[in-house]
Amino acid sequence: MNILFIGDIFASPGRTVVSRYLQQIIAEEKIQLAIANAENSAGGFGITPQISEELLSLGLDVLTTGNHIWDKKDIFDYLPRQPRLLRPANYNQDLPGSGVAVLKARNGVEVAVMNLQGRVHMPQTDCPFRKADELLAALNPAVKVKFVDFHAELTSEKQAMGWHLNGRVSAVVGTHTHVPTADERVLSGGTAYQTDVGMTGPYDSIIGSEKALALKRFLTGMPIRLDAAKTGVELHSVIVTVNEATGQATGIRRLCLC
Ligand SMILES: [Fe+2]
Ligand SMILES: [Fe+2]
């Protein structure tokens, strides 16, 4: 079976490119489950309940997020009501929402989608490696296909998670940096891996934001408000092929549409 994962959807340019191409990708690539990271889908900062519903209605089955999940205050009440919108599992357990969803793909196969967050140059959270172990121990063993979005800054922390979960999950893909990496591969145990899927949004930017504003931040050190850029829009994703009987990945391929 084929699972699509779309990297961080950034503001309205990102949402527009997803709405333009998603159904085409699902049909042409025979996608059974479509996942996207949506932590920047509302103006680059967070996600609103309305935008979450809009993205799910386009045909995305699960939305993962990251550190920006808490940016919009309406999301706190909404998270417990929408189990298909995840927040990283290793945030404090008293916070709303869940970091794992188990749902049936279009072919009837149950898939577990998990969202974890790194700890280097990121907000304080519980250990993502131990949390991953906990999540896997709690899963029904009949669920073979398991997909992990590891939202982290550091390439080494992401590779470490790939090897930590090698042979135990179908895929570990990275998000958060908004820069796609060219290292997609299937690890020795049958876990598809890519350090970062990249952003789905405006690449004529500094990781999604207007260049002049983001540059001014670096030049002055002042906390200048950032606006989303609008041009150079690209959709970055990966398609992971999984043997649904074993849960092992047999392939991973980058798909970029501009
Ligand atoms: Fe992001
Ligand atoms: Fe992030």
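Reader: How are the four donor atoms around the iron ion (ligand 2) arranged?
Author: In this predicted model, the four donor atoms subtend angles of 87 to 140° at the iron ion (ligand 2). Four donors would be tetrahedral with all angles between 85 and 135 degrees, or square planar (as six would be octahedral) with opposite donors over 155 degrees apart and all others between 65 and 115; anything else is irregular. The angles therefore make this arrangement irregular.

Reader: Which residues are the protein donors of that ion?
Author: Donors are N, O and S atoms within 2.8 Å of the metal (3.2 Å for Na, K and Ca), and water is not among the atoms, so sites may look incomplete. Here they lie 2.1 to 2.2 Å from the iron ion (ligand 2). The residues are Glu39, Asn67, His151 and His176.

Reader: Which residue coordinates both iron ions?
Author: The iron ion (ligand 2) and the iron ion (ligand 1) are 3.6 Å apart. The residue that coordinates both is Glu39.

Reader: Is Glu39 buried or exposed?
Author: Buried means under 20% relative accessible area, exposed over 50%, partly exposed in between (1.4 Å probe, protein chains only). With a relative accessible area of 1%, Glu39 is buried.

Reader: What share of the 258 residues of the protein chain counts as buried?
Author: Residues are numbered from 1 along each chain as written, with chains lettered from A and ligands numbered from 1 in written order. Local features need pLDDT of at least 70 and side-chain atom pairs 80 or more, while totals for chains, interfaces and linings use all residues; side-chain values use heavy atoms, without hydrogens or water. For the protein chain, the buried share is 58%.
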